[in-house]
Amino acid sequence: IETMNNVICKTMNQLLNKPEAMDMAQKAVNAGDDEGISRICWEALRFDVPVFVKRVVSEDCDINGHHFEKGTVVLLSRRSAVMDPEWIENPTVFNPHRKSDNPMFHFGHGIHTCLGRDVAKIAVPMVIKEIILHGNGMIGRVEGPLGDMKFNQSGDYVESLKVKLGVENVDSGFRSLNVYKAWKTTDVKWMVSFLLPGTNGILGFSEAQH
């Protein structure tokens, strides 16, 4: 479940990094294009894959002219793979219309395939769609260091990602400001726990009007 939080926060972080991608996502959501928002999410995540995956060689073998002995620990660079121009055309270009439906290896392969793969393929685009809908056409990164994606001490899991959402009415909890499309600041990880009950999102809700 923590990995679901990670994937959703990282996807939103990449959309915020790429205005053209966020624009595509908003248009897909407004058009009710669920397949389109799914492709946009997984393409966005291609730009933020884990750097390495560690494997142990199970038997002596030769791969591409390199000899590996049984027991050798190998670090495979997934980030290099998803940016390999021999495999992915114009890899630095955001293109949700690529032929491969899973070029980022986020779900592993073979005996290492993620057990939650099928759930994630549905849940991640669904939550991103709902967050965009919550923004009423306005979504952005909180200014300054507060808007940076925060990780836990080990650096493995996202702790928070603060975003600004547009709202018709901003309720501070004490009074209604009745401001049309003001900004409300919230935490993507908190929204994941709200939209997907049981995901153990960390409550990190705050509000700011501009």
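Select Leu161, in the loop between strand E7 (158-160) and strand E8 (162-167); helices (H or I, at least four residues) and strands (E, at least two) are DSSP runs, numbered from the N terminus. This is a predicted model, where local features need pLDDT of at least 70, side-chain atom pairs count only at pLDDT 80 or more, and totals for chains, interfaces and linings use all residues. Residues are numbered from 1 along each chain as its sequence is written, and side-chain values use heavy atoms, without hydrogens and water.

Leu161 is buried, at a relative accessible area of 0% (buried means under 20%, with a 1.4 Å probe and protein chains only).

Next, select helix H2 (residues 19-30) and helix H3 (residues 34-45). Their axes come within 8 Å and cross at roughly 160°; axes are lines fitted to C-alpha atoms over the stretch in contact, and angles run from 0 to 180 degrees between N-to-C directions. H2 and H3 are therefore roughly antiparallel (angles over 145 degrees).

Show side chains here. From H2, Ala21, Met24, Ala25, Ala28 and Val29 meet Gly36, Ile37 and Ile40 of H3, contact meaning heavy atoms within 4.5 Å. Of the residues in this contact, seven are nonpolar, one is polar and none is charged; Ala, Val, Ile and Met are among those counted as nonpolar, and Gly counts as polar.

Finally, show the whole chain. There are six helices and nine strands, and buried residues make up 41% of the 210 residues.

How values were computed. Parallel < 35°, antiparallel > 145°, perpendicular 65-115°, else oblique. Buried < 20%, exposed > 50% of the residue type's maximum accessible area, 1.4 Å probe, protein only.
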